Structure formats: C-alpha cells, structure tokens
Amino acid sequence: MNSIEMLSYVSPIAEGIWLIQGPGKSRFPHSNGFLLQGERTCLIDAGIGAKRIEEIDHRLPIDMLVISHSHPDHILAWHTLADRQLYLPIQTPESVGDLRLLGQRFAADRQDAQYWTQVAARRLGIHPMRRPDARFDDGDILDLGPLQLQAVHSPGHLDDHYCFLETTTGTLFSIDIDFTGFGPWYGNPEGDIERFRASVERLRELPYKQICSAHKPPMPRSEAGQAFDRYLEAFNRQREQVFDLCGQETDLAALAEQSPFFRNRMRDSTLQRIFETEMIRKNLALLVRENRIIEADGRYRWR
C-alpha cells in the first residue's frame, strides 16, 4: 500500500492515480483533487485545502500543480505549493493575480464584486496567484511519463474551465461537469448555457473508462451515460423553472428573490443573490430568443 493510502480521504482509482476528497464531502469551498504519480507527481486542483495538501506532500512530494479553472474551490490552497511548478489554462486571465480584479470578473455589480473579493480574501483565505510556469491549451498533453494528461477545454461553466483525459488508464477528470443534483452551474457573468451544453456533449464522446468529477465520487463508463443524460436534462429543468415564474409579469430582482435554483438554502444570502441573478438572467435571455416570453422595460411575462 502506498503511504498516502493510509489517509482516510485518499482512494486509488487507477494505476498511479488517486482521488483526494476535499473536506465537507468536497462541497464548496472545497473540491476533490486528483494526484497522479509518473516521472513527476502532479496534483490537479487545490480545493482539498492546505492541511491535506501538506499531509500528502509529506508522504509523496508533489512536483507540479495543475489548475483546471480559476474558481475559488479549485485554487483555494494553491499557495501551499507556490514553490512547485504551476500550470494554468491559457484562457485564465491575469486577474487571478489580483483578487480585486477577480471579483470584478466574477460579479457584474461593483459592490457585489467588492463583496466577492472580501469573501475570497478574508473568509476563504485565498492568495492572489503568481505567474504560472506554463500554460496549456485545448488538446495539449501534459507528459508525466507513463501517464499522459490531455487537456480538454470545456467552457460554459467558466471561460477557462478544463477537463482532463488520462489516456493510459482512460480516466476522465470532468471537474465541474460534476453530475450533482443541483445541475449545471453558470452563475458568473462569463458563464454561458449553450457553450456549457456543448462542452458536456463533447465530453461524453471521449474514449474514457471511468469519470471523476470535482464534487462527486468516480463512476465507471457503464453508469456515466445516464448521468450525462440527467445532467443535460437539468439545463431544460432550470429553464422551465424560470419560465414557470414568468406566468405573472415580473422582473429579474423578484425572480432572484424567489430563488428557483438555490431555494434560499445558501448561508450567504448575498452570494446566493449574485449567483442566482446571473443564472436566471441567462435563462431569461434564452427564453426571449425562443419566443416563449416577452421582455419590456426589464419586465418579463409569457408570450
């Protein structure tokens, strides 16, 4: 047994690959991490937190950190490995080096952006990221020796969102195409429903044997087909939830107060409003384009 497997949150998923579960069952602000040991030892994402990274690094020194995208639950404890090789997507903007600018990227309203920055810095303890040692683009191969990690650009959740296919074992890391009951999340200004759906469709056609996401346990390909179907159907479910609320004339703020997606379950009501507003806004735009609802002076109703 590898010494890291003595840790309760570490599980082997293929030869030379381990799932590292984040605290709190990998729910936000944490996520699963994935450790790959070849000629170099690579950790995908830093959402497992500083303590777990340090415990793993003590048993199996980590050579490189690969960040799938720049959401807080994936960069969370990157600074713990600040002296190792850092790989970022080519689409990740320089704003990751300034939390104030990152807040402006992730929230459209100025005050909301300031609030996001405060949460990231004070509550989550996120550090601005340094310049990476390397960047990867769609189709690039990160060569780990016997393991080969192919980068798969999967935008929609975020512009710089990537999945990865380890081609030797057929392990697909779907990251935040995560198959949770909530469904697809696109609550930032750059989130895009149509690009997200296209990314999911592309991913399901890849030649994988098992699939591992950032917030759920791994599953074999034999179970993944139904999981993909449910996840794609969730796009429609979310849109219908918004459509149903437009039976009586309403506006975006009123719709967000009804919280069709989060159902007012987030502890932070401000973040919930920010995220919910963006998701509702995107569904309203699609419903208008589909001629199912009418928009006039910021108010919406059934056609």
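This is a predicted model: local features need pLDDT of at least 70, side-chain atom pairs count only at pLDDT 80 or more; totals for chains, interfaces and linings use all residues.
User: At what angle do H3 and H4 pack?

Analyst: Helix H3, residues 99-106, packs with helix H4, residues 110-123, at an angle of about 125 degrees, and their axes are 8 Å apart. Helices (H or I, at least four residues) and strands (E, at least two) are DSSP runs, numbered from the N terminus. Axes are lines fitted to C-alpha atoms, for helices over the stretch in contact, and angles run from 0 to 180 degrees between N-to-C directions.

User: What does that make H3 relative to H4?

Analyst: That makes H3 oblique to H4. Angles under 35 degrees count as roughly parallel, over 145 as roughly antiparallel, 65 to 115 as roughly perpendicular and the rest as oblique.

User: Is the crossing of H3 and H4 left-handed or right-handed?

Analyst: The crossing of H3 and H4 is right-handed. A crossing is left-handed if the near helix is turned anticlockwise from the far one by less than a right angle, and right-handed if clockwise.

User: Which residues make the contact?

Analyst: H3 contributes Leu99, Arg100, Leu102, Gly103, Gln104 and Phe106, and H4 contributes Ala113, Trp116, Thr117 and Ala121. Contact means heavy atoms within 4.5 Å. The residues of this contact of H3 with H4 divide into 6 nonpolar, 3 polar and 1 charged. Here Ala, Val, Leu, Ile, Met, Phe, Trp, Tyr, Cys and Pro count as nonpolar, Asp, Glu, Lys and Arg as charged, and the others, Gly among them, as polar.

User: And how do H4 and H8 cross?

Analyst: The axes of H4 and H8 come within 11 Å and cross at roughly 125 degrees. That makes H4 oblique to H8. The crossing of H4 and H8 is left-handed. On H4, the contact is made by Asp112, Tyr115, Trp116, Val119 and Arg123, and on H8 by Thr270, Leu271, Arg273 and Ile274. The residues of the contact of H4 with H8 comprise 5 nonpolar, 1 polar and 3 charged.

User: Changing topic, how many residues has H6, and how far does it reach?

Analyst: Helix H6, residues 221-244, has 24 residues and reaches 35 Å from its first C-alpha to its last. That is close to the 34 Å expected at 1.5 Å a residue, the expected span being 1.5 Å times one less than the number of residues.

User: Which of its residues are buried, and what do they pack against?

Analyst: The buried residues of H6 include Ala224, Phe228, Tyr231, Phe235 and Phe243. Buried means under 20% relative accessible area, exposed over 50%, and partly exposed in between (1.4 Å probe, protein chains only). The buried residues of H6 pack against several elements, among them helix H5 (193-204), helix H8 (269-289) and strand S15 (293-296).

User: What about phenylalanine 196: where is it, and what does it touch?

Analyst: Phenylalanine 196 is in helix H5, and at 1% relative accessibility it counts as buried. Phenylalanine 196 and proline 155 are 41 residues apart in sequence and 5.9 Å apart in space, C-alpha to C-alpha.

User: Which peptide bond is cis?

Analyst: The peptide bond from phenylalanine 28 to proline 29 is cis, with omega near 10 degrees. Proline 29 is in the loop between strand S2 (17-20) and strand S3 (33-37).

User: What is the phi of isoleucine 175?

Analyst: Isoleucine 175 has a positive phi of about 50 degrees although it is not a glycine. This residue is in strand S11 and is buried, with a relative accessible area of 0%.

Note on methods
Residues are numbered from 1 along each chain as its sequence is written. Side-chain values use heavy atoms; hydrogens and water are left out.
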